[in-house]
Amino acid sequence: HAILPQAVKTILPPVGNEFVALLKDSSLVAILAVADLLRRGREFASQSFTYFETYTMVALVYLMITLFFSKLISHMEEKISAE
């Protein structure tokens with residue numbers, strides 16, 4: 001009972017950083033049940049010839065997902081460190 005909270009406090013920051021790094025890999029986004037955004041963006045851009053707009057939107061979606069999970073992990077770290 002005493003070791004697990006100490007281990008979680010120690011391991012959460014590096015695990016959180018690794019999770020965000022893996023999230024940025026487009027092939028691993030499928031774990032989150034999100035279609036491979038870059039592949040979908042490439043398909044859409046090749047049909048519509050709006051490459052700049054498509055890739056900008058894909059980048060913004062990745063940014064929003066990454067920021068959301070970064071904040072979530074940060075919030076979890078604050079909760080754990082407060083205990």
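1. The largest nonpolar core consists of six residues: Leu-23, Leu-37, Val-58, Tyr-62, Ile-65 and Phe-69. Helix H3 supplies the largest share of this core, namely four residues. The model under discussion is a predicted one. As a general background, nonpolar side chains in soluble globular proteins tend to be buried together.

2. Helix H2 spans residues 37–48 and helix H3 spans residues 51–82. The two helices pack with their axes 9 Å apart, at an angle of about 160 degrees. Because angles over 145 degrees count as roughly antiparallel, H2 and H3 are described as roughly antiparallel to each other. Their crossing is right-handed.

3. On the side of H2, the contact is formed by Leu-37, Leu-38, Gly-41, Arg-42, Phe-44, Ala-45, Ser-46 and Ser-48. Sorted by class, the contact of H2 with H3 has 10 nonpolar, four polar and one charged residues.

4. Ala-45, a residue of helix H2, deserves a separate remark. Its relative accessibility is 0%, and Ala-45 therefore counts as buried. Leaving aside residues up to four places away in sequence, Ala-45 touches Thr-50, Tyr-51 and Thr-54. Between Ala-45 and Tyr-55, the distance from C-alpha to C-alpha is 8.1 Å, while the two residues are 10 residues apart in sequence.

Terms used: Residues numbered from 1 in each chain as written. Predicted model: local features only at pLDDT ≥ 70, side-chain atom pairs only at ≥ 80, totals over all residues. Heavy atoms only, no water. Axes fitted to C-alpha atoms, helices over the stretch in contact; angles between N-to-C directions. Parallel < 35°, antiparallel > 145°, perpendicular 65-115°, else oblique. Left-handed = near helix turned anticlockwise from the far one by under 90°. Contact = heavy atoms within 4.5 Å. Nonpolar A, V, L, I, M, F, W, Y, C, P; charged D, E, K, R; others polar. Buried < 20%, exposed > 50% of the residue type's maximum accessible area, 1.4 Å probe, protein only. Core = buried A, V, L, I, M, F, W, Y, C linked by side-chain atoms within 4.5 Å.
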